[in-house]
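Hi everyone, thanks for coming. Please have a look at the sequence and the structure on the screen, and then I'll walk you through a few parts of it.

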Amino acid sequence: MPKIIIDGHTIECRSGIPVLQAALEAGLAVPHYCYHPGLSVVASCRLCLMEMKMPNPKTGQMDWAPKLFPSCQTPVRDGLEVRFRSDPVRENQQHVMEYYLLNHPLDCPVCDKAGECYLQDYTEANGPATSRMVEDKTKNPKKDIGPHTLLYQDRCVLCSRCVRFCDEIAGTGELAVVGRGSRCEIDVLPGQPLENPLQGNVVDLCPVGALLDKGFLFKQRVWLLRSARSVSPADSRGQTIWIDYNEAGIHRIRPRYNEKINEWWISDEARFGWKHVHRPDRLRQPRIRQGVALQPARWEELPGLLRAPFAGVAACASPAGPGGGARLAQPPSLLGRGQGEGQGIGPLAAVLSPMLTCEEAWLLAKLARSLAPQATLVLGHVPVSGHDQTYPNGFTIKAEKCPNRRGVETILQHLGGPTASFQEFLAQAVEGRFRAAYVTGGYPDAWVTDPVAAALARIPFLVVHDLFPSALDGAAAVQIPGAAWTEREGTFMNCDGLLQPFERALPPLEGVKADGQFFYELLGQPGLFRAQTVRETMAAELPQFSEVFIPRDLPKRAH
Amino acid sequence: MSWRTIDRRTAAEQDLGPGLNDAVKEKIRSFFPRYPTKRAVLLPALHIAQDALGYISLRAMRELAELLELPPSAVLDVVTFYTHFWTHSRGRKTIVLCRSLTCELMGGGRVREGLEQRLGIGEHETTPDGQWSYMTEECLAACEHAPCLLINEKLHKGVQAEDLDRILVDPENDHLDMPRSTLFDAPAETKP
Ligand code: SF4
Ligand code: FES
Ligand code: FES
């Protein structure tokens, strides 16, 4: 690892990185706009300039060179000596900041970016906040450049990050710098808007308030938001995200750097895939079938209501009686002679949705097997849409639109015994092999197709644990409202077997219990469900769960 | 002006303007072997397109992008970098007036006022009869003859406001120094 000297301090840094990156990683606050570690280096903003020691041609001695150098374009090399704390460097920063403010409107009070804007920050730290220019500022209209994005042209500092992102990462090249010199603007060719599946990233990239997200526009001031470390359920790759939220709910999702998966970016599916959490039709109360209708029930009744019929089905000794009955008070009446018996398939099934966390899937599987050692464990419906899409720099959007198929599979494999794919389960259900089933959903979109509903309707005692009403409502004996992933904690195992934890952002909706907590209670465990504690018990049996991957944090002053 | 929003997502059919015909496209293709990449053909292609259409229409930009396998915005980027390329239709004759220091010192400002008064148009506008368009340019590289202006390809030197009447009807205005290069054709007669 090369050692370089910055402002008299020797620091050790990764080789092959620019001095600017090394300085940021060492915790220094070096202003910069155009440099982004994920994009090509253009050295156009001139904010990151530094002084550098070079051999003086006259004396041959190492001396401070008379001109400044862009630290973003100077690779580190052993023994390099540079300084940022010097008058020429400070003066350059002041001049450049004053230049940036020449035409920039001072409209921070109505700008979404205020509070996380690097023009604000750098002006406060380095530059004069007032301008000596008395002439009129250039005033440009806003541009509607895409379905999600507005461009406030007059706030742009022309760092060209957004343009490079579209060229290098998305590979779609919708954005361009048009015009020349002080007339430069960012634009699209009219009629060819910014609408690639990664478009949302340009808003995060923009160091000022020029590119803004239409969905977030004028909704919140950023200093009123808190951020939770989460993992996106949008696809099976496990993109890591920040959920920005407050007591009013979620307001936006931003990428959380992840050197192994999504780096600095996320797909639009991950970014905008949280709206269902606040859908008004979410299930908010457990309900049980009484007569024909589902009637509200209390959470406290559920363990008793569920355990008894399940245990009864499992025991499966007595002959069949007619189904139904008041308040499910006679569990044995639900029993029939399981037709699957003798073929190794228990009459009880637990469908583990790939939307569940590993811990939840584990608890539910354990629960099913504790009630019936021959219970069939089923990997729930795995939504797939289209094909995997890979972008020029390797960013991939998976066709599999769920976060934890691999985690559930790992658990099923480990537990062994009767297991089934969702298709096999449906086929067996149609044949009437199951007397009782616990089905988990949790998908953001409607997933119960007619064949699914028809097959599940054949199960006499059907428990549906899901987010939204569906065609299963008519067949369910018990309906349990699920919590969205933002309201739970746990781990997802991505398609490559990487186990990533995420934290809870919001409390579960009023009237709803977090899935893990509920399974915990069903299992008769005392106290609160803690994902980590459960994971530790899992790890004792299954080494795959002993280590989680947590991406490293970005340097504080980097952006 | 951020209270105003302009729509860049859609482009109406009538705003796309004329497209390139097959002969023009073929001409552009004939340049491919001369350059290491198709992208590198963009500049000659723009000259050819502007010679054919009088300007680079949105439709032409799209077609060029397709021809050269570039994102359309990359064509827009280059077109707008050079003031030589027009992005809207022009009159029959284009006047390019120098606005740089030497010409300004030698009375270029008065020439500009005179011109705008006579034609009744501003920069990048076209007279209603479709005869004249005009623009200013940073330096025509003829500072020794300041103030100066170009009409099409004819350079008028040492122009004073009083000379405008004479200059505008100068038959030399239509003169082209051909062949400018064996690679290019003469610009087509442009119709507004
Ligand atoms: S819009 Fe933002 S990201 Fe794009 S060039 Fe301007 S300041 Fe940079
Ligand atoms: S010039 Fe170095 S960050 Fe812009
Ligand atoms: S300043 Fe006018 S031609 Fe150079």
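Predicted model: local features only at pLDDT ≥ 70, side-chain atom pairs only at ≥ 80, totals over all residues.

Residues are numbered from 1 along each chain as its sequence is written, chains are lettered from A and ligands numbered from 1 in the order in which they are written, and side-chain values use heavy atoms, with hydrogens and water left out.

Let's begin with the sheet. In chain A, three strands make an open antiparallel sheet, in the order β12-β13-β14. Strands here are DSSP runs of E with at least two residues, helices are runs of H or I with at least four, and both are numbered from the N terminus. Two strands pair if DSSP finds at least two bridges between them. At the edges sit β12 (226–231) and β14 (249–255) of chain A, and each of them pairs on one side only. On average, neighbouring strands of this sheet are turned by 30° against each other, direction ignored; the axes are lines fitted to C-alpha atoms, for helices over the stretch in contact, and angles run from 0 to 180 degrees between N-to-C directions.

Now the pairs themselves. β12(A) joins β13 (residues 240–246) of chain A through six bridges, antiparallel, and Val231(A) has Thr240(A) as its bridge partner in β13(A). Six bridges also link β13(A) to β14(A), and there Ile243(A) stands opposite Ile253(A). How many residues lie between β13(A) and β14(A) in their hairpin? There are two.

β14(A) is mostly covered, with six of its seven residues buried. Buried means under 20% relative accessible area, exposed means over 50%, and partly exposed is in between, using a 1.4 Å probe and protein chains only. In the loop between β14 and α6 (268–272) of chain A we find Ser267(A). Is Ser267(A) buried or exposed? Ser267(A) has a relative accessible area of 0%, so it counts as buried. Leaving out residues up to four places away in sequence, Ser267(A) touches Pro197(A), Leu198(A), Gln239(A), Phe395(A) and Ile397(A), where contact means heavy atoms within 4.5 Å.

Next, a helix. Of the eight residues of α12 (residues 515–522) in chain A, seven are buried, including Phe518(A), Phe519(A) and Tyr520(A). Their cover includes the helices α7 (301–315) and α8 (358–371) of chain A. After α12(A) comes Gly524(A), with a positive phi near 80°.

What about ligand 1? Of the 13 residues around ligand 1, Cys156(A), Cys159(A), Ser160(A), Cys162(A) and Cys206(A) come nearest; a residue is near if one of its heavy atoms lies within 4 Å. The shell has twelve nonpolar residues, one polar and no charged. Here Ala, Val, Leu, Ile, Met, Phe, Trp, Tyr, Cys and Pro count as nonpolar, Asp, Glu, Lys and Arg as charged, and the others, Gly among them, as polar.

Last stop, chain B. It has six helices and six strands, and 42% of its 192 residues count as buried. Its C-alpha trace spans about 50 × 50 × 30 Å along the principal axes.
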